[in-house]
Every structure is written in C-alpha cells, then in structure tokens.
2 protein chains.
Amino acid sequence: MKENPHLIIFNENKDTRGCLVAIEGGNNIPFEIARVYYIYNTPQNIERGFHAHRNLMQVLIAVNGIIEVTCEYHGQKSFYLLDSPKKGLLLSGLVWRTMKFVSDDSILMVLADTYYDESDYVRNYNDFITLEQNFLSGFLHERA
Amino acid sequence: MKENPHLIIFNENKDTRGCLVAIEGGNNIPFEIARVYYIYNTPQNIERGFHAHRNLMQVLIAVNGIIEVTCEYHGQKSFYLLDSPKKGLLLSGLVWRTMKFVSDDSILMVLADTYYDESDYVRNYNDFITLEQNFLSGFLHERA
C-alpha cells in the first residue's frame, strides 16, 4: 500500500472557459464513490475533524480557498496544505485528522467509499491511540 | 419518472463551525456516483455546456457563487438559478443545457452515473432536435 495519507495531484483541463478536474471512482482514486459531502460557510481559521475512522477511505479536496490538514498515523504526524482544486488528500482508516479552514471562503469537498456510519468513527483521541497501539503490536507480533 | 430536469433541495447540517451537505449515491440522489467533476476559475458570465447526453444522469450543484442553467427537454425550455450549495439539479439524458457562471467565483460540481464517454454526448443542436423528434414520434406511436 502507498503511504498514508497520500497526496494525489489530479489532471486539470484548462482552457479560456475555465478549469475542470474529473475524478472517477476506481480510476484516478482507489475506491468507488459512495458518498460526497462538502463543508462551506466556515468561520475563518475554524478547525474541524478531531476524529479518525476505523475503515473509511476518503479523498479531501479544497475546491475553494485554503485548508491545512494535520494528520497522525502510526505515530507519525504529517501536514498538508490543500491550496488547489487539483490536490486530493487520500486518507485510509485510522488517521487522526484536523482540518483548518484558513480562509473564510474555503470549501472542503470529501469523497468517501461508504455511506455515513457513526460506528466507523473514532472520536476520542485516547481510543485512537489504543487502537493504533493494538494494531502496531499485532503487526510486530506477526513479524516476530 | 419525476419531471426532467428536477430540482433537489438537500438537507444542510449547520452549526457554529459551518455548513455541511452530504450526498449518497442511490440514497438522496437516484443513481450511484461513478464520476465527480468540478469547474472553477471561470471568467465572469462565461457560458458552457451547449450539449445534451443520450443516457447520462447528472446532478449539478453550484458549491460556490451563482450559476444559471437553461435546459431544453421535450420541446420545453426551463431555467434554474443555482445560488446555494443546497440545490442540486438532476438532469437525465436528452436535456440540452447551458450553464452561465454569473460570478467569477462560481464553482460547478457535477455528480454523474457513468465514467466519461464521448459517444454519449450530443454536441450538435440539430442532432439533438432530431433525436428528440424521433423519441417523441416513437412515444406517440406507442400511445396510438
């Protein structure tokens, strides 16, 4: 598997009428698109997220404005600046994420591989750390 | 079948952190989402579209700005003002459409039920009229 999170740069079709980016489930992203949601009218510098998912795969795109995404996965923190509609950030499963909507015109679009499922959310950070440790100890056990 | 085109008003989840609209394929729109594309950086008042599709189903959403959509279907012209991310315009098949990007910050997001397929496009208006007439004469023949 590729690194997680993984930044995807989409092709942009640009002409005098504007720019177009197209995303096809299973084609230029690695899953079928079950759900699309978008977040808008956010106060400047508001932070959202503060959760992980057990299994969900998502691609995050700032279709307008600038969004800073901070991720934690397997003990590694990483940071992504989504400042172009061409950039998609692929998150798979157990990634703790926060999204800062830097400009008040920022719009976050998210493509997801399943419908909304509250049981897939990990909303408590300590639970996230426990799940990570369980995963890593299982992984080390398998490799021993 | 419902009217074509058909305007859908999506639920908006709103709180102090902003607004969220979620669309689930086969749930609050009548098809699975194969393709998502978005158009941005358009000059003010540019018009795009000028085509129909043989079979494609799409939902058009102005996630930012204001987009005027003019449609022609079965000899009827109709007009829709997409001025809210809550509004989705469902187009099924043989609808001739033009989209005017009224503000230069307008962003059109489109959800579609199949991958890109050039053979599904009808780009010539006279061909569109011929296809409409063939459809309507077949329909009248069946009813006779």
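Here are legends for a few close-up views of this predicted model.

**View 1. S106(A) sits in a loop between two strands of chain A.** The strands on either side are β10 (96-101) and β11 (107-112). With a relative accessible area of 1%, S106(A) is buried, since the cut-off for that is under 20%. Its side chain goes for two backbone oxygens: that of S103(A) at 2.7 Å and that of I66(A) at 3.0 Å. Leaving aside residues up to four places away in sequence, S106(A) touches I39(A), Y40(A), T42(A), N64(A), G65(A), I66(A), I67(A) and F101(A).

**View 2. C71 is shown in each chain, C71(A) and C71(B).** C71(A) comes out as buried, at 1% relative accessibility. C71(B) is buried too, at 1%.

**View 3. Chain B meets chain A, with 38 residues of chain B contacting 38 of chain A.** Together the two chains bury about 3200 Å², and 53% of that is on carbon and sulfur atoms. On the chain B side, R17(B), Y38(B) and Y40(B) lose the most area to chain A, together 24% of what that side buries.

**View 4. A salt bridge joins the side chains of R35(A) and E24(B), at 3.0 Å from N to O.** The interface has two salt bridges by the rule used, and 20 residue pairs in polar contact. Several strands of chain B supply at least two residues each to the side touching chain A, among them β4 (35-40) and β5 (46-53). β3(B) gives the most, with seven residues. By class, that side of chain B has 23 nonpolar, eight polar and seven charged residues.

Technical notes. Residues are numbered from 1 along each chain as its sequence is written. Chains are lettered from A and ligands numbered from 1 in the order in which they are written. This is a predicted model: local features need pLDDT of at least 70, side-chain atom pairs count only at pLDDT 80 or more; totals for chains, interfaces and linings use all residues. Side-chain values use heavy atoms; hydrogens and water are left out. Helices (H or I, at least four residues) and strands (E, at least two) are DSSP runs, numbered from the N terminus. Buried means under 20% relative accessible area, exposed over 50%, partly exposed in between (1.4 Å probe, protein chains only). A polar contact is a pair of N or O atoms within 3.5 Å; within protein, one must be able to donate a hydrogen and the other to accept it, and residues adjacent in sequence count only if both atoms are side-chain atoms. Contact means heavy atoms within 4.5 Å. Buried area is the accessible area (1.4 Å probe) that two parts lose on being put together, summed over both. A salt bridge is a side-chain nitrogen of Lys or Arg within 4 Å of a carboxyl oxygen of Asp or Glu. Ala, Val, Leu, Ile, Met, Phe, Trp, Tyr, Cys and Pro count as nonpolar, Asp, Glu, Lys and Arg as charged, and the others, Gly among them, as polar.
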